[in-house]
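Please read it with the coordinates open.

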Amino acid sequence: MDTNFLDELNIAQKKAVENTDGPVLIVAGPGSGKTRVITSRIAYLIQRQGVNPYNIAAVTFTNKAASEMKDRLSSMLGSDAARVTASTFHSFCSMVLRREGAAVGLDRDFVIFDDDDQIDTIKKAMKDLDIDPKSFAPRNILSRISNSKSQLIDYEQFVKQKGNYYDEVVGRVFENYENTLSQSNAADFDDLLMKTHDLFLNNPSVLENYQNRFIYLMVDEFQDTNIAQYGIAKQIAGTHRNLCVVGDPDQSIYSWRNADIRNILSFRDDFPEADLIPLEENYRSTQTILEGARELISANKERVEKNLWTRNDKGNLITVVEGYNEDEEAHLVLKEIVRILDSGKHSQKDIAVMYRVNAQSRTFEMACQKYRIPYQIVGGIKFYQRKEIKDITAYLRTLLNPNDSISLARIINMPTRGLGQRTINEITRIARVNNLSMFEVIEKLTDPDSETETLGIQLSKRALNSLEQFRDLITSLRSKIDNDLINLIDSVVQQTGYHKYLQNDQEQGEERLENIQEYMNSAREYAHMENREGLTTFLESVALVSDIDDLDDSEESITLITLHQAKGLEFPAVFMVGMEEGILPHRRAIETGDPSELEEERRLCYVGMTRAQSLLYMMRAFRRGFRGGLEPSAPSRFLSEIPRNLIHMPGLDNQSTENSTTRNQKSSQANPGKNIKRSKTMRTQNTVTSNNRIVKPKSPTRRKRVVNKIAPPIPTSSYSAGEKVSHGTFGEGIVMNCEASGDDLQVTVAFKSDAGVKKLLASLAKLTKL
DNA sequence: AATTAGGCATTTTTT
DNA sequence: ATGCCTAATT
């Protein structure tokens, strides 16, 4: 147990730690030891001031940050740490609502609707209201609704506001959307916050309990909180006023998710007695990196100047490298990574590649495979968003709450059981007219005693039969709801016919069954819980996990991550890629012409740069693929905002005679796998026999939650011009040309048949040599 | 009812 | 290039 934690702090940090009485605003620059301050502050409260750990809460942005905080606390405090509340706003609220939700119309078994469910709900609402999704993008409507709710404006207030035609439409969808949620006993992300706020607002005695429970409240990443989150913090800290918020306006990058930077200003109004403590000494980065980042961010107008400094060395210059296209960009990054690894100074886990949009990750994944560098990728296609996982989850939710029509609609004909669009339309119609849930309609329709004739049913005997079977399926599974969770999931997979359905799927069945297996594994930790509590807790965790939570920083692999997700992390070596106009800053920020959006892009760039401890690379490509074709891509304006004397450009400093085209050619021929023992023998000959099909690496992005994978062997086969081949569809032909295309081979074949000359990918086309 | 083909819009970041 | 939705086909 560490009792001398105070000795390790600088003056400002110490002040932040010891200043426990009353409100505090800590403005923490990047790398200024923010997490250490928060944990030390908690330790100080408990050990020096005798505060009961039970009375302390710290709210963070991600589960990962929360669990790291807990880890650090337990090494400082031992068993007391477990009694401190450390969680995200969303899971905090969800905990409150499970206990007290009845007061705001939520049953304790409520489910949390994630993004996909929300979109489904919006679409259903639009269908009900006969609004054309082509004229009104569901996504935009949702974001409007979410924006409203995150400012604690419910649909009644929303429709009252004078608005344009668009908002009038949104208002109608909003109402329907809210009705569906409440009928489904569901809460979306914003509800977790808004309903908690409502609860506290309307039930002073409940609020009082929480005020007295959480006498000390800390909020991390305060610059990224929205109005609702800050509102809740204010409510809880209302009487004791021991609210400590920690943030950095320069790292505010979530305004698109309704984070409201004005919270920092409001805080000073709401708590005028608050102490402001700036943390300005940076322990993370070299002088050069810090100065570059500082210069960059100083271009923002909406900002308060900070005086960041460091005792660290000057270190290396920031390396700016320009590649021909995105492939070469990736190639240059990987080449440099191999060099860094060979130097022995850093290992894989010290290195991160950061990009603006997830779509950029693919090139780097393929490059990692080619170079056989193990990597972890955060995000991309999310595990819980896979169809099979969502289907099983929807079954589980339906069991918990059959009135959840969104989930029910998802699985009513999955796998197919003769309940097609027509039947579903009819059920939703009846449901709408009679204000019933879909399941209630199904029960009525299949109940021989009820008088259904009056409803004007237009369903075949056959459909009614299938409905009856479906009802029995759900009822029978529902009787097992208090069984062991693993058991329950297994019953669902078996009895619904889902297992069989996947077994018959030649293409993806196997992988999907594995995913379900993985899903069951992750359910295991909830299996010991009593009755249905395991189920509700599991479903909650499924909805509230974030990708970053799965990042394993002890793993020996490099990290591929978006700039947003990288916030709060640090790496000895960072590659920021796609430093181009249109990527960073993103096109959208440029096109709107809104200066504040550009400033947010700049902050994003700032966040990226300040993740780096000693090596920072900023990469760009001259041309980038866009909508199929290649388009020229101009260097990011942010590059020119970094002082030239901090930058080193290998291409220009050393080998300025070489133009990009020749570099491109050279690089695509460079031996990518020189550190791989087997590769030399493997790639010498075209030794592939006709039945030794080349396997294209599985599309990299669809893997587990966090892909952690070492590359499969490099394709070793080749075709040479003049060779005769045969193709399943096109028949016989002669190879004209064969060249590398990514990991694959592109073969040009002239066929004898009418097919003529075709370009084929060796891995996909089943070519047989003759 | 289910599968397939073709047309259309589309690309930010996520608790 | 990809994915999503509608229309057409069996």
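The points below cover conventions, backbone geometry and the DNA contacts.

1. Conventions. Residues count from 1 along each chain as its sequence is written, while chains are lettered from A and ligands numbered from 1 in the order in which they are written. The model is predicted, so local features need pLDDT of at least 70, side-chain atom pairs count only at pLDDT 80 or more, and totals for chains, interfaces and linings use all residues; side-chain values use heavy atoms, without hydrogens and water.

2. Cis peptide. Leu584 and Pro585 are joined by a cis peptide bond, with omega about 5°. Pro585 sits in the loop between strand S15 (571-576) and helix H26 (587-592). Helices (H or I, at least four residues) and strands (E, at least two) are DSSP runs, numbered from the N terminus.

3. Positive phi. Asp130 is not glycine, yet its phi is near 60°. Asp130 lies in the loop between helix H5 (115-128) and helix H6 (138-150). Arg372 has phi near 55°. Its loop runs between helix H15 (361-371) and strand S13 (375-377).

4. Polar contacts (N or O pairs within 3.5 Å). A polar side-chain atom of His90 is 2.7 Å from a base oxygen of DNA strand B. For the side chain of Trp256, the distance from an N or O atom to a base oxygen is 3.1 Å. Gln565 places a side-chain N or O atom 3.1 Å from a phosphate oxygen.

Terms used: A polar contact is a pair of N or O atoms within 3.5 Å; within protein, one must be able to donate a hydrogen and the other to accept it, and residues adjacent in sequence count only if both atoms are side-chain atoms.
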